Amino acid sequence: MDVLNALVLLANFVLVPALSYGAQLALGALGVTLIYSVLRFANFAQGETMAFGAMVAVLLTGVLQSVGISLGFLPTALLTLPLAIAATALLCLLTDKWVYQYYRTQRSRPITFVMASVGVMFIMNGLVRVILGPGDQYFSDGERFIMTVPDFRVWTGLEEGLALKTSQGLSIVLALLLMAWLFWFLQKTKTGKAMRAYADNENLALLSGIDPQRVVRITWILSATLATVAGVLYGLDKGYKPLSYFHLLLPVFAAVIVGGIGRPIGAVVGGFVIAFSEALITYAYKKFFMLLLPAEWAPESLMQFLSTEYKSAVSFMILVIVLLVRPTGIFKGKVI
Amino acid sequence: MSWLHNNTVRAVLAFSVMALLLFWVGSVQSWSVALAIINLCIVSAIMALGVNIQWGYAGLFNVGIMGFTALGGLAAVLVAHAPVAEAWRVGGLGILASLALLLATIVLGWWVYQRWQGKSYLWLLMTVVVLLGYVLIRPVFAPAVEAIESVNPSRTGFLGGMGLPIVFSWLVGGVLAACAAWLIGKVALGLRTDYLAIATLGISEIIIALLRNEDWLTRGVKNVTGLPRPVPYEVTLQESAWFIGWVERWQAEALAGLSGVARSEALQAAVVDASSIAVKLCYTGLFSVVLILILSLCVLALNSPWGRMVRAIRDNETAAAAMGKDIKQRHLQIFVLGSAVVGIAGAMLVTIDGQFTPGGYNPLRFTFLIWVMVIVGGSGNNLGAVLGGFLIWFMWVEAEPVGFWLMDQLTSGMAADNALRVHLLDSAQYMRVMVMGLLLLLVMRFSPRGILPEQHRKT
């Protein structure tokens with residue numbers, strides 16, 4: 001029984017949170033990798049795009065709540081997703097029209113795009129904070145838990161409990177659905193094939209009659225969709241804080257590079273790799289070993305590799321190791 | 001002196017406008033405020049020079065300026081704060097031993113890397129070395145940290161520094177930042193250009209996380225206050241007879257008509273005012289020396305054969321490589337040099353504040369703003385970077401009252417407790433972030449060479 005208890009403990013504190021966080025990271029990373037493969041630059045504004053999407057959802061949730069519309073045990077924010085996605089996509093398309101398009105026609109170096117995206121990042125950051133104010137927002141409603149710790153204990157008779165928050169369950173399910181749809185879209189539809197062709201070889205794609213404007217537009221819309229869903233899920237899970245999306249940028253980039261930049265499947269795998277490493281390295285294993293080992297062997301310290309403040313350091317370490325050992329990432333992305 | 005020719009008129013004009021703006025602040029607000037702005041302008045200009053070395057000379061995009069600034073700040077603490085003897089007694093040995101063990105681990109790792117280079121199981125061995133190092137260091141390090149942090153936690157709780165003059169830390173700050181830059185450059189240079197941006201973003205986040213959480217070294221969010229100054233304190237000046245006498249002579253006209261209590265009160269006020277100005281002037285003098293030194297070195301470097309080579313690499317890497325230039329090595333050199341300059345500025349910033357606040361470092365103020373300075377001033381032009389530093393810092397400081405005033409005027413038709421009015425007034429300070437972002441994008445788009453463009457020589 002102790003072994004089971006120990007495993008449940010690990011599942012509760014590592015597996016479930018890492019799965020949901022990994023799903024959110026994977027969505028963000030997919031957005032970055034799509035922009036990268038089609039527009040050929042690392043979009044620093046992705047984190048703030050997520051914040052913008054989440055902001056629209058927060059505002060609309062407030063409106064819906066004041067009218068009295070809700071979604072039962074699910075958070076109301078889900079109802080606002082379509083509008084939030086539309087607003088974010090519009091913002092991305094406008095940004096592209098006003099900022100990036102000029103550099104595309106000039107055939108500027110990638111670094112100019114990156115720099116422009118940093119400018120966009122700060123404008124969005126200011127915009128979000130001007131509209132929503134600098135404070136934290138909690139917009140999650142409905143049932144808080146799908147399964148609570150006491151329920152699980154009663155149900156299985158184990159001492160340790162396993163909780164599953166609604167936001168965590170939603171993150172995993174929604175992210176998987178969205179990813180499945182995205183892969184189907186990229187592989188099977190004509191537009192998806194056009195996108196991949198354009199990403200693979202721009203000139204050949206142009207020769208075969210693919211409309212570059214359309215490909216770029218669709219890429220922005222897809223990226224905005226992914227960013228909004230990721231942003232809303234993250235906000236539901238951990239509460240909306242304006243600066244936390246900026247701090248999400250590093251793990252998202254790490255996920256992209258670890259998986260192989262420009263490879264959608266790599267972004268997904270990278271997201272989960274980063275999330276699980278962060279959780280495994282910053283988890284205190286003391287109780288886990290206390291359950292597994294006989295009493296006289298029980299550890300005295302917390303058995304924690306790194307304190308939780310260094311979560312971002314973990315993703316950075318993995319990033320550095322990947323750059324040193326295999327700069328192309330797990331799935332051989334583009335490097336040079 | 002070819003760098004003076006074409007741009008001279010523009011430069012003279014731009015700097016005159018800048019001087020007028022500062023003069024206006026001096027006469028309208030107060031000279032003390034104007035001097036405070038000037039001092040930070042100089043620090044900003046030095047940071048902008050550092051970034052200009054990286055971006056303007058070589059086209060390297062560093063998004064981690066904040067981290068290098070903070071390392072400079074750490075140097076100020078480590079150099080200038082008095083050592084905490086008690087902390088050294090209880091934990092100094094443990095910390096030194098952990099440092100020695102860390103060094104040993106690195107040496108071992110290096111040896112393993114050299115010995116088994118190219119083998120497929122090399123990374124397994126490296127993992128073993130890292131784990132071994134971790135297991136060995138942890139039991140030495142953790143108790144030492146605990147002991148140090150429990151020494152009078154409300155006042156110290158950290159190791160303190162070396163108790164040397166704080167001016168020395170400016171050099172140390174540069175060296176610390178250079179070391180961090182070397183590590184990052186080794187990993188990220190030579191890959192895609194975006195990778196350097198991502199890696200620098202990462203390192204700056206890590207440095208800030210370290211500074212906030214390693215209380216034994218930096219006191220973390222409890223901040224280190226009361227760092228010694230390189231200039232006299234206002235109170236000392238106010239109490240010294242020669243200073244009072246000097247102010248008396250200086251203000252003789254204003255004091256002439258007064259007598260008795262009124263005269264001594266007026267003198268007192270004048271002395272307080274003058275002491276604050278005198279202290280700030282001392283800083284201005286010190287900082288100007290550093291700025292002029294770095295600026296002249298930059299100008300000399302850019303006009304030397306080295307500068308020509310660097311620009312050649314920036315403009316066409318392939319051609320430069322064909323001429324036998326080692327591009328990766330030059331990039332690393334420039335990245336380290338630029339970061340060192342930023343580190344120096346970071347130490348100066350902490351010097352003038354007199355305190356080190358790890359919680360106060362945010363990427364808006366310490367990374368993004370510097371970028372705007374370089375781009376607006378004119379990337380590739382040293383004087384341009386200095387001008388950008390002055391101009392943008394001035395705008396950043398003055399934008400807050402102006403923005404507030406603007407919002408106040410715009411919403412003056414609404415009731416004082418109108419929700420929208422209150423919200424807009426509260427968020428006025430975030431408007432300037434947007435304005436800076438817009439400024440960056442507009443300059444990049446419509447005037448990519450900035451106010452003082454880079455000079456293209458005919459020779």
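1. B:Ala34 is buried, since 21 other C-beta atoms lie within 10 Å. A residue is called buried here if 20 or more other C-beta atoms lie within 10 Å of its own, exposed if 12 or fewer, and partly exposed in between, with C-beta atoms placed from the backbone. B:Ala34 belongs to helix α2 of chain B. Helices (H or I, at least four residues) and strands (E, at least two) are DSSP runs, numbered from the N terminus. Leaving aside residues up to four places away in sequence, B:Ala34 touches B:Leu22, B:Val25, B:Gly26 and B:Gln29. Two residues are in contact if their C-beta atoms, placed from the backbone, lie within 7 Å. B:Trp24 is 10 residues from B:Ala34 in sequence and 8.6 Å from B:Ala34 in space, C-alpha to C-alpha.

2. Basis of the note. This is a predicted model, in which local features need pLDDT of at least 70 and side-chain atom pairs count only at pLDDT 80 or more, while totals for chains, interfaces and linings use all residues. Residues are numbered from 1 along each chain as its sequence is written, and chains are lettered from A and ligands numbered from 1 in the order in which they are written.

3. Confidence. The predictor assigns the complex an ipTM of 0.87 and a pTM of 0.89. For chain B the average pLDDT is 88, and 98% of the residues score at least 70; pLDDT is the predictor's confidence in each residue, from 0 to 100. Where pLDDT is low, predicted coordinates should not be read in detail.

4. Chain B as a whole. Chain B contains 19 helices and 0 strands. The C-alpha trace of chain B spans about 90 × 65 × 55 Å along its principal axes. Of the 459 residues in chain B, 41% are buried. Among contacts in chain B with a separation of 6 or more, 83% join residues 24 or more positions apart.

5. Helix α1 of chain B. This helix covers residues 8-28, 21 residues in number, and reaches 30 Å from its first C-alpha to its last, close to the expected 30 Å at 1.5 Å a residue. The expected span is 1.5 Å times one less than the number of residues in the helix. B:Ala11, B:Ala14 and B:Val25 are buried in α1(B). Viewed down the axis of α1(B), the buried residues fall within an arc of 75°, so they line one face of the helix; the arc is that of the directions from the helix axis to the C-beta atoms. Cover for the buried residues of α1(B) includes α2 (31-58) and α17 (382-410) of chain B. On the face of α1(B) turned away from its buried side are exposed residues, including B:Val12, B:Leu13, B:Leu20, B:Phe23 and B:Trp24.

6. Domains of chain B. Domain 1 comprises 2-83 + 160-446 and domain 2 comprises 85-159; the bounds come from an automatic or database domain assignment. The contact between them takes 7 residues from domain 1 of chain B and 10 residues from domain 2 of chain B. The side of domain 1 of chain B that touches domain 2 of chain B has 3 nonpolar, 2 polar and 2 charged residues. In this classification, Ala, Val, Leu, Ile, Met, Phe, Trp, Tyr, Cys and Pro count as nonpolar, Asp, Glu, Lys and Arg as charged, and the others, Gly among them, as polar. The C-alpha centres of the two domains of chain B lie 34 Å apart.

7. Interface of chains A and B. Contact involves 36 residues of chain A and 35 residues of chain B. On the chain A side, α3 (77-106), α4 (110-132), α10 (244-259) and α13 (311-325) each supply at least two residues. α4(A) gives the largest share of that side, 14 residues. By class, the side of chain A that touches chain B has 28 nonpolar, 6 polar and 2 charged residues.

8. Helix α9 of chain A. With 27 residues (212-238), α9(A) reaches 38 Å from its first C-alpha to its last, close to the 39 Å expected at 1.5 Å a residue. Because 19 of its 27 residues are buried, α9(A) is largely enclosed by the rest of the structure. A:Gly239, with a positive phi near 85°, follows α9(A).

9. Positive phi in chain B. B:Arg219, a residue other than glycine, has a positive phi near 65°. B:Arg219 sits in the loop between α8 (215-218) and α9 (234-239) of chain B and counts as buried, with 25 C-beta neighbours inside 10 Å. B:Asn223, in the loop between α8 and α9 of chain B, also has a positive phi near 65°. B:Asn223 is partly exposed, with 13 other C-beta atoms within 10 Å.
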